[in-house]
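Hello,

Here is the structure I promised to pass on. Please open it next to this email, as my notes follow below.

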Amino acid sequence: MLDDNWLAICQIDDIPVLGARLLRRAQHADIAIFRNGEDKVFAVLDRCPHKGGPLSQGIVHGERVTCPLHGWQIGLGDGCALSPDAGCAPTFAVQCDKRTVYMLRSELSQPEAAANMQALAAGAA
Ligand code: FES
């Protein structure tokens with residue numbers, strides 16, 4: 001159990017292996033929560049730094065995702081494109097404890113977080 005700064009978002013098993021689920025936000029771009037083959041989780045804005053492609057629909061390999069639009073590879077840890085491409089998507093603090101995925105409250109507004117959890121619970125990825 002993490003301290004109060006962390007908000008439980010979903011279970012890791014709610015996120016497909018080598019895939020992502022979306023944390024929908026009313027006032028900001030959605031956040032893609034990725035899970036790789038080693039059950040590491042990452043949270044990156046769902047906008048490719050190239051032309052805004054939906055990274056959540058990309059293929060995860062290792063600690064990268066390949067954007068579905070033009071194939072840029074984006075590092076999941078830092079949100080940055082692999083050279084020779086350049087640019088970064090914002091990342092968010094996320095961690096998994098006993099298979100529950102948590103994000104920092106300070107990075108989510110309360111109404112958004114509550115709505116997101118409902119959406120995730122209902123299976124609206
Ligand atoms: S929008 Fe992602 S590679 Fe072009």
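First, the ground rules. This is a predicted model: local features need pLDDT of at least 70, side-chain atom pairs count only at pLDDT 80 or more, and totals for chains, interfaces and linings use all residues. Residues are numbered from 1 along each chain as its sequence is written.

Overall layout

The protein has 1 helix and 10 strands. Both are DSSP runs, numbered from the N terminus: helices are H or I with at least four residues, strands are E with at least two. From the N terminus on, the order is β-β-β-β-β-β-β-β-β-β-α. Of the 125 residues, 30% are buried. Buried means that 20 or more other C-beta atoms lie within 10 Å of the residue's own; exposed means 12 or fewer, and partly exposed is in between, with C-beta atoms placed from the backbone. Take contacts between residues at least 6 apart in sequence: 46% of them join residues at least 24 apart. A contact here means C-beta atoms, placed from the backbone, within 7 Å.

Which strands form the open sheet? There are 3, in the order 1-10-9, and the pairing is antiparallel. Two strands count as paired if DSSP finds at least two bridges between them. Strand 1 (6-11) and strand 9 (94-97) stand at the edges. Each has a single partner strand, so one side of each is left without a neighbour in the sheet. The twist averages 35° from one strand to the next. For such angles, axes are lines fitted to C-alpha atoms (for helices, over the stretch in contact), and values run from 0 to 180 degrees between N-to-C directions. Strand 9 pairs with strand 10 (residues 100-104) over 4 bridges, in the antiparallel sense. There, aspartate 97 has threonine 100 of strand 10 as its bridge partner.

Around strand 4

Is strand 4 (residues 41-45) enclosed or open? It is largely enclosed by the rest of the structure, because 5 of its 5 residues are buried. Val41, Ala43 and Leu45 point one way, Phe42 and Val44 the other. In a regular strand the side chains alternate between the two faces of the sheet.

Strand 3 (residues 31-35) runs antiparallel to strand 4, joined by 5 bridges. Isoleucine 31 stands opposite leucine 45. The hairpin of these strands has 5 residues between them, and aspartate 39 takes a positive phi near 60°. Strand 8 (residues 91-92) also runs antiparallel to strand 4, with 2 bridges. Here valine 44 stands opposite threonine 91.

Best wishes

Methods
Two residues are in contact if their C-beta atoms, placed from the backbone, lie within 7 Å.
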